[in-house]
Amino acid sequence: MEDKVGVYICTGCSIGEALDIEALSKVALDELKAPVCKTIADCMNGGLDVIRRDVESEGLNKIVLAACSPREDFGKDPFGQGIHVERVNLREGVVWCQPPNDEDTQMMAEDYLRMGIVKAQKTQPLDLFEEHERINKNLLVVGGGITGLTAAVEAAEAGYDVILVEKEVDLGGWMAKWYKSFPTFTPYQDLEDNGVSGLVEQVQSHPKITVRTSTEIAKIEGGPGLFDVVFKSNNGQPASSEPLRVGAVIQATGWKPFEPECLEKLGYKKFDNVVSSIQFEEMAKSGRLSRPSEGKPAKNVVFIQCEGSQDDEYFSYNSSVSSMVCLKQALYVREKSDNVKAFIFYDHFRTPGQYEDFYKRVQQDPGVFLSKGQVESVTEQDDGSLLVTVAGSMLGEKISIKADIVVLSLGMMPASADGEAIRAWIDAKAAVAKAEQEGNKVQEDVLALSRKPQPDEPILHLNYRQGPDLPVLEHHYPDSHFICFPYETRRTGIYAAGCVRSPMDALSCREDAAGAALKSIQCVEMTSRGEAVHPRSGDISYPEFFLQRCTQCKRCTEECPFGVLNEDAKGTPLPNATRCRRCGVCMGACPERIVSFKDYSVDMIASMIKKVEIPDEFDEKPRVLVLACENDAYPALDMAARKGLTYSPYVRVIPLRCLGSMNIVWVADALSRGFDGIIMLGCKYGDDYQCHFIRGSELADRRGVNVKEKLEQLALENERVELHQVEITDYEKIPQIINNFMDVIEEIGFNPFKGM
Amino acid sequence: MTASVVENRPQDSMAASKGKLVEPDLNFIREISRLGGDSFKKCYQCATCSATCPISPDDKPFPRKEMVWSIWGWKDHLIKDPDVWLCHQCNDCSAVCPREGNPGDILAVIRKYSYLYYAFPKFMGKFLYEPKYLPIIAALPFVILFVIVALFGNFQPEGDIVFKKFLSHPFPLDFLFILVAMFALVSAAVGGMRFWKALQEGPRPPVNNPRGFTAGLIEAVKEVATHKQFNECDKANPRFYSHLLTFYGFVALFITTSLVFLGLYLLDLETPLPLLNPIKILGNLGALAFLIGTGMMLYLRLTDEERAGKNSYNDWLFLGLMFGLAVSGVLTEALRLAGIAVAAYSMYFVHLALILSMMVYFPFSKFAHLLYRTLAIVYYHGYAASASEAKEALMENKQELKDETVQPNAA
C-alpha cells in the first residue's frame, strides 16, 4: 500500500499565537511533499474529527500530529486501527519553553516537523510476530511452599491451568514445619494457625492444578507462551522426556537458612541447648519446649537476633521477618507456662506497619524481656545450662542470663541461582579445557574458573545464551525493576515471587504470589496478542535481524538485558520474539546496523538527524542534538516546559525508547552533518539503577569508548559529547544541563564540518 | 521471694567479665502490676520522662532507669533506690510519655511496695494494702478505744465539757497513747534502719568522699521545710501549696500536742486552754491549715486525674484518714465551745480513735513517706552525691561560662 501522510498542526494551547503556522505548513507541503496539511484546534471538542474524516475520505494511513507532547494520551489507535500516528511536540517541546514569535523558535518548530514527517515516512506498517498464534496459556509454578501454593490457587481460580512442581516429597514448604503464625489481621494480638495444610488440600483437590512432587526441572526452552519444560524426578522414578508446553513461569523457590560463622561463636552446633529458630519451631510444633540435652523443662529461653550479636559483617542486610518470628516464639514459651521467661536480645528490631501492635502486645507480657544489646558469649555451665553475656544492654551495664535454651535467629537467603555466573563459569571451564588441549595457557579464564558460583546447580535450567537461571543482584536476589515492576525478572514471562525475591513473611508471600500469578496471566494474554508485556505494554513491534550482514560479533546476544537472543554455534543471534521487551538495546549494540523495528530503526533516527537544518557558521546559531530516554528524561523536559522553564533554542531533542538503543552511527551522522555537540540523557545506572530496561544508559555509556574513537577520527574535541544520568524529577536540572553545555560549545567553537 | 540480682563473686575473674547475673523476679513484676503499675511494660526507653523531669539528677537520671528495672523485675535495685523517693509525683513524665507508660505511677508503686517491704511487723503492711481488711483496720481502733472508755472512762460525764472527764490523764489516756507511740516508733525504727542499710547496697552506693550524715540531714531539713524540690516540679501547682499547708498544719498540731503534754506534767497546765493562749492559737491555726491542706488534696485528687496519677486504695486510705483527723478535730473543739455535750464527747471519741489509727498505722501506710523520703534525701545528699564532685561540676560550669563570655571579646 502506498504511503499517504497527513500533517495536522494544532493551533491550540498558544501554539497558533507563538508560531508562523503558514510557514510551518509550507515546510510540510512544499519541502516534504506531504499530500495533506491542515490546522486543527480544540482537541477536547471534536477538533480531531477532521483527521478522522480525512482518513476516511483521503485514504491517509499515516498521521503526523504536530501538537502537544506524545505523553498527552489520545488512547490506542485514535484515528483507526493500523493508522500510524507520529507526534511532533510543538507545545512542550517548542512554544512552552521558548519565546513566542522568535526566529529561533520558528526554526525549532520547523525542524521538529521535518523530523516527524520523515520519521512517519520511514515507518512501515506493523505486523504481529508469527508465534502469537501458537501461545500456550498454562502456567508453571516452581516451588510448593506458601508462595507457590497461593500462586497456583490464584491462577487456577482465575481460570488457568497450572502445573506445580515441588522437589520435596510433600507440599507446604517451610510453613508446614512451623507451629503457628504471628497475627495477620487486626487487632494483631494472637497467634494464628498457619493455615498451610488447608492450602495444600485446596491445591491437591483443584481440578485445574496438576501437582508434581519429588520433581525438578531438567530444562526450559523457548520463551513466553512457548516455554517447553522437561522435568526430572528426584526419587528414582523415570523422568518424563516429553516436554510440556507452558506460557509463563512463576519461580517461588523460597529461601534457605543462612548460618554464618558468628553463630558458632554463640555455641551453635557446639552446645546441645543452643538451637536455631528453625529447630525451635520444630520443637514447638512437637510440643517439646524443653532442653534438648536431657529434656528438663526450660525456665529461661534466650532469643538472640544474630545480626546484633557481633558486628554487621556477617549479615549484610536484615529484614523484619526474624524480629516477628522472635516475638512469635517468645509467645510459644509464655504459652507453655506463666513462670517461663523469654529474653530477646537484638540490635535491630523491625515490626513494620500494623505489626507494631503485635510487638506492643508481646512487650506487655510480664514474662517477655526485650533489650537491645550485643551478645558477647554463650558458655555452657556444669549443669548444662547456658550463660549468655550481653554488653550494651538497656540495663546500663553488662549482664548475663542463665538460660536453658538459647535460640539463634537465622538469616534468609534466596533459593536462587546466579544464571550469569554459572554461564560465565561454564564458559571459562570450556575455554580452559580448550586452551589446555591446544597447549596454551589463558590466564583470564583460569581466574574466572576460580570464581565458582555458589550454588552452581541451576534451578530453572533455562536454555538461554546468558545463563540457565535468572540474573541476580547483590545478595542473590533475582534482578528486576524493584520500584516499578517488583515481580518482573530479567527473563520475560518468568516471575519471581515470595522469599526468593525478597525476605518476607507468609502474609507478604501470599500477596506476592497473587501479584505474580496476575502478572503471568497478563503475560500469556498479551503475548497471545503479539504485544509486549512491559514496560512498553501493548507494543506490537519487534526487532528484525537482517542476518545476511551479521558478522557474529555477539554484541546483541551479550548486551540484551532480557536474554532474548540465543546463539547458534557460530554466534549468529537466534531471536525469540516473545521474550523481547522492545527496548532496542540490540539495535543500539549492532555495529552493522542490521537490527530494526518497523517503526524504530537506525536509519529512521539517522534520517531525522539529517533533516535538521544546520545554519552555517556565520549565522552564529549552533545546533546540539539531545538524545533523550523517553521514559524519564523526555517527560522531565516536558515538565520543565510546563513549569515555565526555558532552555537554549539551539537544541533538537529526539526521544529514544531507551538510551541503550543509541547507535554510535548517529553520533557520527550528527557530527558530520554539522551538529556542534550531543547530549545523551539516560537513567541512573549502577546497583540501584532506574533504567526501565535495566542497563540501557550503562550500555550507552560503555559505548562512549567508541564515541571517543569516532571523535578522534573526525578530529573533534571530546567535550562535544556528554552523557548525563537524570531522573524524571530532574526537570529543573535538565535545562541547566542544556544551557551549561551551550557554554561549553561556545568555548570550544563551532563544528568545523558545518556546511560541508 | 529471693533477691533478684546476685552479684558475682569478685574473686571469680571469669564471672566478673560476665557482668551481673540477672534473674527477673516475675512475682515482683506481677505484684507491682497489681499495685497499679500495669503500664510500665509499654516503655520503649526513649527517656523523654527523664528529660522532662525538672528534678531528676544529671547522673543516672530517673525515672527511665526505674522503668527499665521494673520491666526486668529488678526488685533489688528498685527497693534500694533513693531516687524513687526524690520524685514528688508531679506526673509531668506521665503526661509526655509517648507510650502511655506512666513513669510517675511506677515510682509511686515502688514507694508503695517499699512500705510493704520494709514493714515491721510484716503482717501490718499486708493489712493496710488489702481493701478486704478495711473493715477490720477501720474498726479496730474504735473497738479498742471503746473498751478502754468502758473500762476506765466515762461515756457521759456531767457538767462543763472537759475531755479529761471522758478519759482521764495520765491513765488511761496517756498510757494508751504512749504505748501506741512506742509501738509505732519501734516499727518505724526497724523499717527505717532496714531501709537505710538497703540504700547503701543499692544502685547508688556511697561515694568515696561523702559529705556525711549531718550535711545530708541539713539538706533534708531544708527541703522538708521549704518544699523547694516539690516546688520545682509543681510550679504554680496547687499540689505544692496543699502539701505545704498540710505539712505545716501537722507540725503546728504536733508541737501543740507536745507542749500541752509537757505542760500538763511539768507546769500543771489546766485544759482546756483559753482561746487566746499562744499555744491554743498555734493549735487552732495549725488545725485550720491542716483542714484546708488535706481538703485541697482531696479535691485535687478528685478533679485533676492527670496530675494525681493513678489513685489507689492506699492513697485514699491515708488521705481519708488525714482529712478525717482534721474534720473531727475541728468539730470536737467547735462542739465543745458550742456546749453540746453528747455531740462533743462523741466527736472527741472519733477524733481519738482516728489519732490512734494514724499512730498505729504510721510506719505501714503512706504516712511512712515522712520517714522513708526523709531518709532517702538524707542519704542522697549525705552519701550518694559527692560534695567535691558537685563542686567540680559547678566550677566547670563557671569556667565554661567564662570561656563563652571571653570569646566574643577576643573576636
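**Entry 1: where the chains meet**

How many residues does the contact take from chain A and from chain B? I began my notebook with this, keeping in mind that the model is predicted. I found that chain A brings 19 residues to the contact and chain B brings 17 residues. On the chain A side, α11 (355-364), β20 (386-391) and β21 (399-403) each supply at least two residues. The element that gives the most to this side is β21(A), with four residues. I then sorted the chain A side by class and got seven nonpolar, seven polar and five charged residues.

**Entry 2: chain A as a whole**

Next I stepped back to look at chain A. I counted 22 helices and 32 strands in it. Its C-alpha trace spans about 100 × 70 × 60 Å along the principal axes. Chain A has 756 residues, and 52% of them count as buried. I also looked up contacts between residues at least 6 apart in sequence: in chain A, 71% of these join residues at least 24 apart.

**Entry 3: one helix of chain A**

Which residues of helix α9 (residues 277-285) of chain A are buried? I noted Ser277(A), Phe280(A), Glu281(A), Met283(A) and Ala284(A). Looking down the axis of α9(A), I saw these buried residues fall within an arc of 160°, so they line one face of the helix. What lies over them? The cover includes β15 (274-276), α10 (321-336) and β22 (405-408) of chain A. Just after α9(A) comes Gly287(A), with a positive phi of about 80°.

- Asp42(A) is not a glycine, yet its phi is positive, about 55°. I found Asp42(A) in the loop between β2 (36-40) and α3 (49-58) of chain A. Asp42(A) counts as exposed because it has 12 C-beta neighbours inside 10 Å.
- His476(A) is not a glycine either, and its phi is positive at about 70°. The loop that holds His476(A) runs between α13 (443-450) and β24 (494-496) of chain A. His476(A) has 17 C-beta neighbours inside 10 Å, so I wrote it down as partly exposed.
- Thr186(A) and Pro187(A) are joined by a cis peptide bond, with omega about 5°. I placed Pro187(A) in the loop between β7 (180-181) and β8 (192-193) of chain A.
- In chain B, the peptide bond from Phe120(B) to Pro121(B) is cis, with omega near -5°. Pro121(B) sits in the loop between α8 (103-118) and α9 (122-129) of chain B.

**Entry 4: two helices of chain B**

Two packed helices are described by the angle and the distance between their axes, so I looked up both. In chain B, the axes of α10 (residues 134-152) and α18 (residues 341-361) come within 9 Å and cross at roughly 125°. The crossing of α10(B) past α18(B) is right-handed.

Which residues make this contact? From α10(B) I listed Pro141(B), Phe142(B) and Leu145(B). From α18(B) I listed Phe349(B), Leu352(B), Ala353(B), Leu356(B), Ser357(B) and Val360(B). By class, the contact of α10(B) with α18(B) has eight nonpolar residues, one polar residue and no charged ones.

Technical notes
Residues numbered from 1 in each chain as written. Chains lettered and ligands numbered in written order. Predicted model: local features only at pLDDT ≥ 70, side-chain atom pairs only at ≥ 80, totals over all residues. Axes fitted to C-alpha atoms, helices over the stretch in contact; angles between N-to-C directions. Left-handed = near helix turned anticlockwise from the far one by under 90°. Contact = placed C-beta atoms within 7 Å. Nonpolar A, V, L, I, M, F, W, Y, C, P; charged D, E, K, R; others polar. Buried ≥ 20, exposed ≤ 12 C-beta atoms within 10 Å, placed from the backbone. Arc of directions from axis to C-beta.
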